Amino acid sequence: MGELQRTATLTSVSVPDCFHSKVKNSKLYLATFASVLGPLSFGFVLGYSSPVIPDLSRTSETRLRLDAVQASWFGSIVTVGAAVGGLLGGWMVDRLGRKLTLMLCSLPFVFGFTVIVAAQNVTMLLAGRVLTGLASGVTSLVVPVYISEMAHEKVRGTLGSCVQLMVVIGIMGAYLAGLFVDWRWLAICGSVPPTLLLVCMCFMPETPRFLLSQGKKREAEEALRFLRGSDAPIQWEWNRIEEACSEQSSSFHVRDLRDPGVFKPLLIGVMLMVFQQMTGINAIMFYAENIFEQAHFKESDLASVIVGLIQVVFTAVAALIMDKAGRKVLLIISGVAMAVSTAAFGVYFYLVEAQSAAGGGSHADLAWLALLSMAVFITGFALGWGPIPWLVMSEIFPVKVRGFASAVCVLTNWSMAFVVTKTFQDLMNVLTSAGTFWLFACCCIANVVFTMAFVPETKGKTLEQIESSFRGTASP
């Protein structure tokens, strides 16, 4: 025991370096791959509405044909289910564990798509969307938490960014598949990733931090050895995690909200989710084809695929550089890029409206501005405000409140997504297209200011060090 204590008190440089040099990440990567099949499913749900709404709006089956209002609900009702799923997921991760929650959330994905395939009326279509939304809400909470609690600080940023990467790959997959198959076969395709998720997670471990918080020390040690490799000297990391868990009570109480180590990260997490949606990203993605139609692009469905491809490429870039560049600097760069691009998009619509009012003809000479603005916006979002709010959410909360606090953040995110998506067309009517995008530009400027003033840098820090920084104590 004395030797373990001496090992734990070696310099913070020599011990981590020795530890990381002997860690084998192959099984950590395998567990991450299995878990991100959830975000892949979630992305497919988000992307499903874009190619399907036009099909269902002109289908020959009158009982399934969507009018304008029903089409709007078909696109946005997922966010209602996801908000409920966030609350349910917060309860599940604390009671059932991260692994079991992740396995169970695959079921409403499959059931939801099955209801859509078997739909006999519009109500069944909407019910299927609610079920897949419910699963998406649980997934968006549990997967970032599962990965952050498994990963060590050297790769946590990269692996955590894979959540958003798989979401945009899922969106892209739905867009591409929608070019070749009808809406029923597309729903069948959407059932494949969650089925694989359920099977693969049977062979993956629970997170060591959750097991320790439940007093299951032997299982926690086995999980840590599985994730770090049999030759890794895990005692240093084990001591650090165990000390952090021993300092906390076993369960969350409302009085804990008075603790700076809880309410400070909670406020930051909630505001990150608010600002992420106030950039207008979900409104722009849900209505991408309509935006390009207004921008006078004839192949608007192809334009949506291009948008999805840009997201995939630059989210992958963000994942690769996350642990080198840091979270804060990428959020700032991302916010500036989105502010400039949404302002430029507003200028485009202003000029188009001015030409139309003056009786002008073709707007083809301005089409490049719309395309460039969309490309810069999606690039900026993918580099920072897409992956990082979810990553930071999974890093900053103490173990005992991680379920509750993450649930509040997910509820906030999806509630804001619903509000922004449902009001987007009304904003376009009231403020004009130009005014709406200028409003989004102001929100992007506000998120840059917020990031500079309040968001901490978590690059290279253990979860325990991040927690200690909020409490103002020495890290274990």
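The model is predicted: local features need pLDDT of at least 70, side-chain atom pairs count only at pLDDT 80 or more, and totals for chains, interfaces and linings use all residues. Residues are numbered from 1 along each chain as its sequence is written, and side-chain values use heavy atoms, with hydrogens and water left out.

Asn25 lies in the loop between α2 (14-22) and α3 (26-35); helices are DSSP runs (H or I, at least four residues), numbered from the N terminus. Asn25 has 17% relative accessibility and so counts as buried (under 20% relative accessible area, 1.4 Å probe, protein chains only). Beyond its neighbours within four places in sequence, Asn25 is in contact (heavy atoms within 4.5 Å) with His152 and Val155.

Helices α10 (residues 183-190) and α11 (residues 192-201) pack at about 15 degrees, their axes 4 Å apart. Axes are lines fitted to C-alpha atoms over the stretch in contact, and angles run from 0 to 180 degrees between N-to-C directions. The pair is therefore roughly parallel (under 35 degrees). Ile188, Cys189 and Gly190 of α10 meet Val192, Pro193 and Pro194 of α11.

In α11, the buried residues are Pro193, Pro194, Leu197 and Met201. They fall within an arc of 95 degrees seen down the helix axis, so they line one face of α11. The arc is taken from the directions from the axis to the C-beta atoms.

Conventions:
Helix = DSSP H or I, 4+ residues; strand = E, 2+ residues; numbered from the N terminus. Parallel < 35°, antiparallel > 145°, perpendicular 65-115°, else oblique. Buried < 20%, exposed > 50% of the residue type's maximum accessible area, 1.4 Å probe, protein only.
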